[in-house]
Amino acid sequence: MTRPPHLGLIVPPAAGAVPVDGPLLYGDCIRFTAKGLGLGEISTRGYTEVIDSVIGKALELKAEGASAVSLMGTSLSFFRGVAFTRQLQREMEQATDLPCTTMSDAIIAGLRHLKVRRVAVATAYIDEVNMQLRTYLEQSDFEPLALEGLAISDVQAVGQVSTEVLVDLCLKVFEEQPGADGLLISCGGLVTLDAVREVEARLQVPVVSSSPAGFWDLVRTAGLDARSPGQGRLFA
């Protein structure tokens, strides 16, 4: 029996669990392994404490047989700007000799794939991190319109946010400043697949969300078919 492709994830929580979106999107067709960074809080202080551990985690994943690696933390990879994200991605590739990417690369690739430039943005973040995201999007040639967060800094709390809360926030930011081509839901800890489908159905515009986009981008980075029908426009 042919073994499924093996892809590696570097995730913020210490436990190093594979986010639920991976198996939901790709079932048994792809094997995912994760290593945790032990992020203490969703803030610049928290990111600074763990960012230097990324290369070591990438090397651990290579040693376990991963054929491509992603840093699956959006704010963790955008907080110092586009130039830093590019440098980090290059350093991961140079250290591992594997194709590597980040969740910030993923959301940018997803928005471009769906031809979204003017974007309404819903996040889990505190104001400090929202400002960093706005800068990152502008540096990447997007026009962020309304951008609002849930003011969460607790790493575990983001996974408890309900679909209803996410949908309401998406509708609010989309209606707040008209003219968006689509929506971005930013924070890899949010569980968003149901929200993405509902918002796309209600607003008839594409939605890119961190964790699903992270898996889509990693699968593409590994040279594999990233489609997953029924999981939103990005996966069509």
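**Entry 1: the second largest pocket**

I started with the second largest pocket, which holds about 160 Å³ of space. A reminder to myself: I am working from a predicted model. Which residues line this pocket? I listed Val82, Thr85, Arg86, Ser104, Asp105, Ile108, Ala109, Arg112, Tyr136, Gln139 and Ser140. By type, I get four nonpolar, four polar and three charged residues in this lining.

Next I asked which helix gives the largest share of the lining. It is H6, with five residues. Helix H5 (82-96), helix H6 (103-113) and helix H7 (127-139) each put in at least two. I also checked the domains: domain 1 (6-103 + 212-235) and domain 2 (106-210) each contribute at least three residues to the lining of the second largest pocket.

**Entry 2: a closer look at H6**

After H6 comes Lys115, and its phi is positive, near 60 degrees.

**Entry 3: the largest pocket**

Then I turned to the largest pocket, with a volume of about 570 Å³. Its lining has 30 residues, and those closest to the centre are Pro13, Val155, Val158, Gly188 and Gly189. I sorted the lining into 20 nonpolar, nine polar and one charged.

Where does the largest share of this lining come from? Helix H4 (residues 74-78) supplies it, with three residues. Here too I checked the domains, and the lining of the largest pocket takes at least three residues from each of domain 1 (6-103 + 212-235) and domain 2 (106-210).

**Entry 4: positive phi values**

As background, most residues other than glycine have a negative phi. I picked out two in loops.

Ala151 has a phi near 60 degrees, a positive value in a residue other than glycine. I found Ala151 in the loop between strand E6 (143-149) and helix H8 (163-176). Is Ala151 buried or exposed? I noted a relative accessible area of 56% for Ala151, and exposed means over 50%, so Ala151 counts as exposed.

Cys187 is not a glycine either, and its phi is positive at about 145 degrees. Cys187 sits in the loop between strand E7 (182-186) and helix H9 (193-203). Is Cys187 buried or exposed? The relative accessibility of Cys187 is 6%, and the cut-off for buried is under 20%, so I put Cys187 down as buried.

**Entry 5: the four-stranded sheet**

Last, I traced an open sheet of four strands, in the order E2-E1-E3-E4, with parallel pairing. Which strands stand at the edges? They are strand E2 (31-36) and strand E4 (100-102); each has a single partner strand, so one side of each has no neighbour in the sheet. From one strand to the next, I read an average twist of 20 degrees.

I followed one pairing in detail. Strand E3 (residues 69-71) pairs with E4 in the parallel sense, over three bridges. What is the bridge partner of Leu71 in E4? I found Thr102.

Note on methods
Residues numbered from 1 in each chain as written. Predicted model: local features only at pLDDT ≥ 70, side-chain atom pairs only at ≥ 80, totals over all residues. Heavy atoms only, no water. 1 Å grid on protein atoms, 1.4 Å probe; cavity = no way out; pocket = protein on both sides within 12 Å on 5 of 7 lines; lining within 4 Å. Points joined across faces, edges and corners; volume = space filled by probe spheres on them. Nonpolar A, V, L, I, M, F, W, Y, C, P; charged D, E, K, R; others polar. Domains from an automatic or database assignment. Buried < 20%, exposed > 50% of the residue type's maximum accessible area, 1.4 Å probe, protein only. Pairing = 2+ DSSP bridges. Axes fitted to C-alpha atoms, helices over the stretch in contact; angles between N-to-C directions.
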